[in-house]
Structure formats: structure tokens, C-alpha cells
Amino acid sequence: MIASWPCPGPHGQSEEYAFAFDRGRMVRLLIVPALFDEANRTRRMLVDTMRLLDEAGVDSFLPDLPGCNESLQDFSAQSLHAWQRAMTQAARHFGATDVLAVRGGALVFPHTLPGLVLEPAKGGSILRQLLRARVISAREAGRQEDSAALLEAGRSEGLELAGWHCGASLIAGLESATAQIEGQRIVSQSELGGGGLWLRAEPAAAPEQSAALAQIVLAEIAT
Amino acid sequence: MSDTESDTDSTLRAILSDVLGLSTDRVAAFDASTGLFGDLPELDSMAVAGLLTEIEDRLDVVIEDDEVDGELLESYGNLLAFLEGKVAEKA
């Protein structure tokens, strides 16, 4: 259930964590999580999907992005490029045959692998939402902040957004990033039924969505 | 205009149902005075940002930073009236 993988970082190799079902089977699915808070909100749904895939004979791996969850790396040193390199390294280490990227994970997944992308998000939308959260919480605290000015500062000095200390390269990368989808099947939320869990104010399980996603993954990787 | 207004109303209820994880029945019972930000502890600044971004996507409107204040999010009626105005401007 708990696996580790060697990941390149600014200070050399570091060990990173992955939640895994690995029984050495032929089909091995790498799951690239959503970015920022969306990763927490969708995690339970994805882990339940992994359990169902395990029962259906498919191995799956959900690695941490460096700087997130259990990672010892510094979040502020991360960039989309670093995350993409890390996910490519994780795919190689686990011998992934297929990939499932979720939301912002579509900006950093190893797109040479066949597989699926669930509701890909644009970097610009993710950044806009984080900036908006910062402006709203500043206003609650009685301070006036401006998205455009924050973004300008963030591009050169980095920026704290919703508790995440984003480096300048992450901010700059998010601004223009779009998913590079090369033949992977795009799964829309409507196929899972119910609302997207990344929208939820609080993380939650959604067994019906996990079951629907597992069925879609199985149908796709069998073909 | 009543069609547009009811479309905006039902879209907003659907988004709140997704964000708050409430059943459609619970959200259907919201009226103009139902409190939002402040009354619903799960609506923190990150959730509000997600809510507004989703509203922009689904209603195809743009909400400016300076339009977002405590009053806008105080009640369901205030938020709906603001969005109906946005949708009408667009038409």
C-alpha cells in the first residue's frame, strides 16, 4: 500500500511517497493527482477507485507531487516542469503502462503514456482561483489587495496563495499552461454522475463516482 | 426575461449543491434570505473562490474582484440578484 520512489530534486535525489496497489500485474496505472487543494478533495474518490481496480486485477500508483503531502521537498522550489519531470520519473520507476491524470494533473502528467484525463484544468484558471481566494481572505481581514498587482509581484518574487508558498517559476508556469493531451481519453464529470469533488468545500467520498471511474478506466485500458 | 432568471436560479442552485455537497432537495429549499458566507462554515475563502469561478464558467459571466464583498455573499437572494443582473447585461 505504501511505496516510495526516487525523485530528482534541487538537492539531489529524494525519496517520495506513493499510495500503491502493486501485485506485479501487467496493467499498471499511474494516477497523477490534481493540484493544490483539489488534490485533497479528490483523494478519497481516487483511492476508492484504486481499490476497485485492484479487485479487477489492475495495479495502480498515486504518487505525491514533490513538495506536497509527505514530501520532504520544499514546496516553494517546485514548478510545473519539476512536477512533470517527477511524474515521468515515477512512471518509469513503477513501470506504468497507463496513466490517469486528474484536473491540474493534466498539466504535469507523462503524456507519452496512453490513458485518460479527468476534467483537465487550465493553469490560468487554477491561478485565477487561487488569487481570488487570497483577495477574498485579505478583504475579510480588512486589507485591500488586487489580483493584477499580486500576479505581477508573484511572477518575479513568488507569492503565498491559500497557504501555498508558490515560487516565481510555478506562478509563471501556471499562467499559460494548458494540458498536453496526446490521444488520451478525456473523461468528463458528467460521465461519473454527481458534481465534481474538486468543487466541494470539504473533502468527501463518492462511492458511485469511484465505481463509474473504475469502469471507464477498465474499459479504456482494455482496448 | 423570466426564462433567463429561472435559468440563472437553477444553475446557481446546482453549483451550490456541488460545492456544498447538499442534495438538490436541500438546495431547492434555499430562499432569498438563506444565509451563505458566514452562516455556512464550510464556505471559506478557498471554497468561495471555487464557487465564483464555477459560476463564471457555467453562466459565462465575469465577476470582478471589487464586486465580491460581504454583502454579495450574505444571502442566496443577494447572490442571485447580482448574477441575474450580470446575465441580463450580457444579453
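Colleague: Which residues of H7(A) do A:Met45, A:Asp48, A:Thr49, A:Leu52 and A:Leu53 in H1(A) meet?
Modeller: In this predicted model, the contact of H1(A) with H7(A) has eight nonpolar, three polar and one charged residues by class. From H1(A) come A:Met45, A:Asp48, A:Thr49, A:Leu52 and A:Leu53, and the residues they meet in H7(A) are A:Pro207, A:Gln209, A:Ser210, A:Ala211, A:Leu213, A:Ala214 and A:Val217.

Colleague: What radius of gyration does chain A have, with its 223 residues?
Modeller: Chain A holds seven helices and nine strands, and its C-alpha trace spans about 55 × 40 × 30 Å along the principal axes. Of its 223 residues, 51% count as buried. Since a compact globule with 223 residues would have a radius of gyration near 17 Å, the value for chain A agrees, being 17 Å.

Colleague: Which element gives the most to the side of chain B that touches chain A?
Modeller: The contact takes 20 residues from chain A and 18 residues from chain B. On the side of chain B, the elements that give two or more residues are helix H1 (2-20) and helix H3 (45-59) of chain B. By class, that side has nine nonpolar, five polar and four charged residues. With nine residues, the element that gives the most to this side is H3(B).

Key
Residues are numbered from 1 along each chain as its sequence is written. Chains are lettered from A and ligands numbered from 1 in the order in which they are written. This is a predicted model: local features need pLDDT of at least 70, side-chain atom pairs count only at pLDDT 80 or more; totals for chains, interfaces and linings use all residues. Two residues are in contact if their C-beta atoms, placed from the backbone, lie within 7 Å. Helices (H or I, at least four residues) and strands (E, at least two) are DSSP runs, numbered from the N terminus. Ala, Val, Leu, Ile, Met, Phe, Trp, Tyr, Cys and Pro count as nonpolar, Asp, Glu, Lys and Arg as charged, and the others, Gly among them, as polar. The radius of gyration is taken over C-alpha atoms; the globule rule is 2.2 Å times the number of residues to the power 0.38. A residue is buried if 20 or more other C-beta atoms lie within 10 Å of its own, exposed if 12 or fewer, and partly exposed in between; C-beta atoms are placed from the backbone.
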